[in-house]
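Please look over the sequence and the structure shown here before reading on.

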Amino acid sequence: MAGVIPINVRRTNQNKARERTLQTSKVIPIFLTAIALIFFILMLIVPLVSVFVKAFEQGAGLYYAAISDPIAFKAIKLTLITISIVVPINTVFGLIAAWAIAKFKFKGKNLLITFIDLPFAISPVVAGLIFVLLFSTSYGLFAPLLNAWGIKIIFAPAGIVLATLFVTLPFVARELIPLMEAQGTSEEEAALTLGASGFKTFLFITLPNIKWALIYSIMLTAARAAGEFGAVSVVSGHIRGLTNTVPLHVEILYNEYKFSAAFAVASLLTVIAIINVIIKNIADWKIKQQTKI
Amino acid sequence: MSIEISNITKTFDSFKALNNIHLKINTGELVALLGPSGSGKTTLLRIIAGLERADGGSIIFDGKDNTKKTTQDRKVGFVFQHYALFKHMTVFENIAFGLKVRPSKLRPSKEEINKKVHELLALVKMEELAKRYPSQLSGGQRQRIALARALVVEPKVLLLDEPFGALDAKVRKDLRRWLRKLHDKYPITSVFVTHDQEEALDVADRIVILNQGKIEQIGTPEEVYDNPVNPFVYNFLGNVNLFHGRVHKGKAEFGSLKLDVPEHLEARDRQVVSYTRPHDIEICLEAQGHEFIAAEIIFIRAIGPIVNLEMKRVDNGEYIEAEISKENYRNLKLKLGQIVYVKPRDFRIFIPEDYVI
Ligand SMILES: Nc1ncnc2c1ncn2[C@@H]1O[C@H](COP(=O)(O)OP(=O)(O)OP(=O)(O)O)[C@@H](O)[C@H]1O
Ligand SMILES: [Mg+2]
């Protein structure tokens, strides 16, 4: 018996991803785009614009007065302080967590991912209540300790920072993990073979590759830290000029029927949102450029 | 620098990717790791580079144990299968990277780095493209930049993982010849992975044939091609005709074909497989004794200096492939459908129980 065995098994390694578009009639895409656009205008643009319209309803003078009101000013200050503490901490944590999860294999990885997702799963109000249960000076779990040391967390800025820290914890890691996983480890390995230390590899290879996603996720964290209402509302106690953040201040103005003032302060948060959208677009574009290879 | 791989074993979960690998690579050699997909080639290369930890065994460079050293300390050049160029850096920055990241005491000055990078750009003939980004290069250009980047730190060991895998046939041929010249010019020991036997036979000093995490054979291209130690290597290195038959006291029988096999004098009625390369098939127009079998020509490809013939045995209907020179083909005046007489001029007989194909 005889047989011929061909052995030249060639692998075609050309991963040429070509962008394709569906070849259908022109009517359907136009129709779908129109629906999306109308929905987008109704749900997003109209409310956004109306915030500003309402804010300037009674003139720029009142707008300025609402923002520069001493109590509003204190609220803005507290919000800024919260952001400046929360954002660096969560950025560093998110970066380390994403790096570990995306680039290394270790036991308990899934558990870590679950923990990072926890703040997304828990309602902010419940999160706030958890902090009250832990740190309240009258019935909290750590009440004796806090009373002994004279530390006040609930109904104090510290509680607001803690609650915000908890709520905004997932943003950086969640944004970076998929990107870093997609990028793999080959560039880092190349750097190692060229003699770069672990730190230099991170600094010169990993960081530049995730730069835009990182910037965007930091903006997202900042925006959420500025705008967080539920959890902060529970731990704040609404002490004017002391534990009121911008969103809480807006609520107070609103409840007092000072609509123009409420919208004026709210417009500050809206501006942050708009900046976010712009940075998100730049980031997406840059990431696309980078991963084109 | 010589590399001694001894007793290397690597298991992923419960899968044995490498099983007890022993291999000594001499200083200045260009060695090809050849094997089918999944045979452990990349894994072995990564273990040599320190990118992967072996479960057991040791890696010795120039007599010094490197098993526990980090990748950075091993100072090997590594060219990755998919280039792994730094996307956010220009060609120039990519090549300069290995020098720039040195600790400040060992780092060359800016001018020196500049000079060195241009030297390498000239070497890979890419001087005009220094300012481009990797995404703006063709596959072959990326490959050459990856090589230049690895060479900039003047490694004594160069490891290449399917360096030409993603390129078309013409470019790979040019690049591998170029790699051979480059290797000869520098005092460097190179190991390159490939699953293309032609590539390995073409440029390597020695070929290591891997299969399922084990080394099947080590030898020069001539040795492994002409004297494969087992059926796997025979199959892997070029086309081959198989004849299944029996051997008894030094006589082999493959249907109507009878051959003398003095090396199997002790064999008593055993199943055997005979291997013959297509160019070792002799074709005659008339039968001459028992060493010939009748076959019908069913396919002829007469393009180029070598003519490929496919034939069907008259006695059992099995196929035989042959390669003959154009001259011979013209002399014999072969035609489709013609009955010819075929004999294996050279063959190797393996007793299958000893080997698993
Ligand atoms: N990180 C890993 N985890 C689990 N299994 C792995 C890992 N890396 C490799 N393997 C397995 O080990 C075996 C050898 O892999 P390796 O990459 O060394 O093959 P190869 O010879 O380089 O193949 P190819 O020619 O396809 O590149 C394969 O079966 C592969 O699935
Ligand atoms: Mg491989």
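**Briefing**

Over all chains, the count comes to 27 salt bridges, a salt bridge being a side-chain nitrogen of Lys or Arg within 4 Å of a carboxyl oxygen of Asp or Glu. This is a predicted model, in which local features need pLDDT of at least 70 and side-chain atom pairs count only at pLDDT 80 or more, while totals for chains, interfaces and linings use all residues. Residues are numbered from 1 along each chain as its sequence is written, chains are lettered from A and ligands numbered from 1 in the order in which they are written, and side-chain values use heavy atoms, with hydrogens and water left out.

**A salt bridge within chain A**

- E188(A) and K103(A) form a salt bridge in which the closest N and O atoms are 2.9 Å apart.
- This pair links distant parts of the chain, since E188(A) belongs to helix 9 and K103(A) to helix 3 (residues 70–103) of chain A, 85 residues apart; helices (H or I, at least four residues) and strands (E, at least two) are DSSP runs, numbered from the N terminus.

**Where chain A meets chain B**

- Chain A brings 33 residues and chain B 50 residues to the contact, which means heavy atoms within 4.5 Å.
- About 3700 Å² is buried between the two chains, 57% of it on carbon and sulfur atoms, where buried area is the accessible area (1.4 Å probe) that two parts lose on being put together, summed over both.
- Two salt bridges are found across the interface of chain A and chain B, and the side chains of E187(A) and K87(B) meet in a salt bridge with an N to O distance of 2.6 Å.
- Six residue pairs, both residues at pLDDT 80 or more, are in polar contact between chain A and chain B; a polar contact is a pair of N or O atoms within 3.5 Å, and within protein one must be able to donate a hydrogen and the other to accept it, with residues adjacent in sequence counting only if both atoms are side-chain atoms.
- On the side of chain A that touches chain B, strand 1 (2–5), helix 9 (186–193) and helix 10 (198–227) of chain A each give two or more residues.
- Helix 9 of chain A gives the most to that side, with seven residues.

**Ligand 1**

- Ligand 1 lies between chains A and B, and of the 14 residues around ligand 1, those that come nearest are S37(B), G38(B), K41(B), T42(B) and T43(B), a residue being near if one of its heavy atoms lies within 4 Å.
- A polar side-chain atom of T42(B) lies 2.6 Å from an oxygen atom of ligand 1, and a backbone N or O atom of G38(B) lies 2.8 Å from an oxygen atom of ligand 1.
- Helix 1 of chain B supplies the largest share of the shell around ligand 1, three residues.
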